[in-house]
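Trainee: Could you take a close look at a single helix and what surrounds it? Please state the cut-offs as you go.

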Amino acid sequence: MDSDRKVLLAGATGYLGSYILAELINRNCFVKTVVRNTDKLPKGISDLPLLQVKTAEVTKPETLSGICDNIDTVISTIGITKQRDGLTYQDVDYQANLNLLNEAKKAGVRKFIYVAVLNGEQFSDLKICQAKEAFVKELMASGLEYCIVRPNGFFSDMTEVFKMAQRGKVYVFGNGEQKANPIHGADLAKACVDQMESTDKELEIGGPETFTHNEIAHLAFKAVGKKTRITHVPDWARKLSLKLSKLVMSKSQFGPIEFFLNVMALDMVAPAYGTQTLEAFFEDLNRQ
């Protein structure tokens, strides 16, 4: 791949976006990033000859005018996990991405790659998935080539398990035998960039190894050098937590909790991809 491929990357300062940016630069692509705060980009990166930084707010379409001019492919990782600034999932996961899509259509962009969530259609009653899947429908009807990338979870999501292990006890729901194969951001970034040349309309993707929640906890304890101590939280307590959280929390606070408490009760296994291991990730955290 070379600099003839011109990419607009939205979300470059986030966890996954930062890895996608590095992957695009590594492949010698021309990249235009749309960011709200340039200070969150790596130092010196703005000086790279094939990188153009555009300051804009994706929730404000007037700041995006012409942003997709001369762009071949748009890659968007735009979405919120913690609602802030009074913005909702509908504002960001749906409308901000739709603002980008509208600009892409105006400019004649060839392809739009969007990072959603595994089994998002099955979680249509959750606010975050409602917004994401509403945009997916817009993208599918846009007339552009597209790919919807559906990861099942990031290694970064496992940081909380590691922190619990550091404190000496990990809490898991039910019997802890639910399965997942989370993926490292660098591996997922490679897959996202590969989709520029693929004809796939949808890509479900996970990491190379599948674990039960108990096994993930054990890996975390191994990394911190402590005896495995797992407390199994009964499923009725999870359901009760959902109900109580909805009553006492604001909508912005409840959204992430709602998603977490629902997906942690299910198997979240996707086709395996990549080479980076969760054990190595935990070991890296322990060295920090």
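Mentor: Axes here are lines fitted to C-alpha atoms, for helices over the stretch in contact, and angles run from 0 to 180 degrees between N-to-C directions. The model is predicted, so local features need pLDDT of at least 70 and side-chain atom pairs count only at pLDDT 80 or more, while totals for chains, interfaces and linings use all residues. Residues are numbered from 1 along each chain as its sequence is written, and side-chain values use heavy atoms, without hydrogens and water.

Helices (H or I, at least four residues) and strands (E, at least two) are DSSP runs, numbered from the N terminus. Helix H1, residues 15-26, has twelve residues and spans 17 Å from its first C-alpha to its last, close to the expected 16 Å (1.5 Å times one less than the number of residues). Its buried residues (under 20% relative accessible area, 1.4 Å probe, protein chains only) are Leu16, Gly17, Ile20, Leu21, Glu23 and Leu24. They lie on the same side of H1 because they cover an arc of only 165 degrees around the axis, taken from the directions from the axis to the C-beta atoms.

These buried residues pack (heavy atoms within 4.5 Å) against strands S1, S2, S3, S4 and S5 and helix H5 (185-194). Just after H1, Asn28 has a positive phi of about 65 degrees.

The open sheet has seven strands in the order S3-S2-S1-S4-S5-S6-S9, paired in parallel (at least two DSSP bridges per pair). S3 and S9 are its edge strands. S2 and S3 share five bridges. Helix H2 (89-107) lies across S1, S4 and S5, at about 170 degrees to S5.

Methods. Buried < 20%, exposed > 50% of the residue type's maximum accessible area, 1.4 Å probe, protein only.
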